[in-house]
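Me: I want to learn to read helix packing and a ligand site from coordinates. Can you take me through one case?

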Amino acid sequence: MFGLIGHLSSLKHAQSVAHALGYSEYSNQGLDFWCSAPPLVVDSFHVTSITGQVIEGKYIESCFLPEMLINRRIKSAIRKVLNAMALSQKSDIDITALGGFSSVIFEEFNLKENNQVRNIELDFNRFTTGNTHTAYIICRQIELVSAQLGIDLASATVAVCGATGDIGSAVCRWLEKKNNVAELLLVARNRERLDNLRAELGRGEIFSLEEALPKADIVVWVASMPKGVEISSEILKKPCLIIDGGYPKNLDSKFAQSDVYVLKGGIVEHSLDIDWKIMEVVSMDTPSRQMFACFAEAILLEFEQWHTNFSWGRNLITIEKMELIGQASIKHGFSPLVSL
Ligand code: NDP
């Protein structure tokens, strides 16, 4: 059985969907309440591969909210992730994806040092960040949608915002090795990590966000931002393709201009319907088929019976592993979201 640990995108979102998740008593509660709420299994479902194989899964709501990071409720955030992992293990789930900020918190606060949660010793082999599949899907989205828009990658300038992150660094490796993009702009805050990435890639220019945006034909957003940023379309090159891969979404604004194209990044579509309610709760356009690519990674690991932490640690994602999970993705009927 596979598991998905997820969270909602904001306190407002949590209050509005508490009823649909089956705990109506949470809907009028503020952040303090959510800080003390336990994780819950809120959905059980089956997924059928195009090979005919059927597997069973569960969704665990961790009750983490991004406001916990914004308001420095770090201990609560850490507790949410560890308790959700303990619940997954107690529920005899073989492989579980740490969705959205769960894996960011796990890495940022070094939770591998905390493997004892009450009477449960966490077995990290049962968890995956899902970031290898997410990075693969974002790279395929870049390739497929740039072709649709007539942007030639070999002569394009691509800015990766969150370049030094787990997903961002993998995307940079792929863009450099597989696409040989003309210019690669690396955006993040920590200069030392940027310098290390540039040394590893053997190329790339380090820029601030303000400097990078006007130069880019393609902008990939994979920064771990608990709250989205607003950018003005005025400063963007036209046409410009923006792939927003963050959760919560990194971009707050809708772009009125027709030559700025924003694609939901790191989202896959399955070929067959799934009997779950959870993707409706997180407002997927086609909830019975679309999902976050990190969740799909747990599904793929279960289909293939690869019960191992396929994606783990930071900045260790190789192109070979992206290709391997990509082959499994195609084999079982997943495809990258490409509709703008
Ligand atoms: P990491 O924590 O590994 O990396 C985050 C990156 O963002 C780092 O480069 C960090 O560098 C940068 N960053 C953070 N804040 C800012 C900022 N304010 N301005 C510029 N850069 C910033 O995260 P992941 O790679 O694991 O995840 C990235 C995003 O993808 C998250 O939003 C996550 O929720 C989402 N995600 C989506 C999935 C999907 O299935 N669609 C699956 C998994 C994750 P620095 O700190 O130096 O600025």
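Reply: We take a helix pair, then the ligand site. Keep in mind that this is a predicted model.

Me: How are two packed helices described?

Reply: Two packed helices are described by the angle between their axes and the distance between the axes. Here, helix H11 (residues 293-303) packs against helix H12 (residues 319-331) at about 80 degrees. Their axes are 10 Å apart.

Me: Which orientation class do H11 and H12 fall into?

Reply: Angles of 65 to 115 degrees count as roughly perpendicular. H11 and H12 are therefore roughly perpendicular to each other.

Me: Which residues of H11 and H12 meet?

Reply: H11 brings Glu 297, Leu 300 and Leu 301. H12 answers with Ile 325, Ala 328 and Ser 329. By class, that contact has four nonpolar, one polar and one charged residues.

Me: Now the ligand. How many residues surround the ligand, and which are the closest?

Reply: The count is 27. Thr 164, Arg 189, Asn 190, Tyr 247 and Arg 314 are the closest. By class, the shell has twelve nonpolar, twelve polar and three charged residues.

Me: Where do polar atoms of the ligand and protein pair up?

Reply: Take ligand oxygen first. One oxygen atom is 3.5 Å from a side-chain N or O atom of Thr 134. A backbone N or O atom of Ile 167 lies 2.9 Å from a ligand oxygen atom. For nitrogen, a ligand atom is 3.1 Å from a polar backbone atom of Gly 266.

Me: How much of the ligand's accessible area does the protein cover?

Reply: On its own, the ligand has 930 Å² of accessible area, and the protein covers 91% of that. Helices H5 (101-108), H6 (131-149), H7 (166-179) and H11 each give two or more residues to the shell.

Definitions and conventions: Residues are numbered from 1 along each chain as its sequence is written. This is a predicted model: local features need pLDDT of at least 70, side-chain atom pairs count only at pLDDT 80 or more; totals for chains, interfaces and linings use all residues. Side-chain values use heavy atoms; hydrogens and water are left out. Axes are lines fitted to C-alpha atoms, for helices over the stretch in contact, and angles run from 0 to 180 degrees between N-to-C directions. Helices (H or I, at least four residues) and strands (E, at least two) are DSSP runs, numbered from the N terminus. Angles under 35 degrees count as roughly parallel, over 145 as roughly antiparallel, 65 to 115 as roughly perpendicular and the rest as oblique. Contact means heavy atoms within 4.5 Å. Ala, Val, Leu, Ile, Met, Phe, Trp, Tyr, Cys and Pro count as nonpolar, Asp, Glu, Lys and Arg as charged, and the others, Gly among them, as polar. A residue is near a molecule or strand if one of its heavy atoms lies within 4 Å of it. A polar contact is a pair of N or O atoms within 3.5 Å; within protein, one must be able to donate a hydrogen and the other to accept it, and residues adjacent in sequence count only if both atoms are side-chain atoms. Accessible areas come from the Shrake-Rupley method with a 1.4 Å probe; for residues, only the protein chains shown count as cover.
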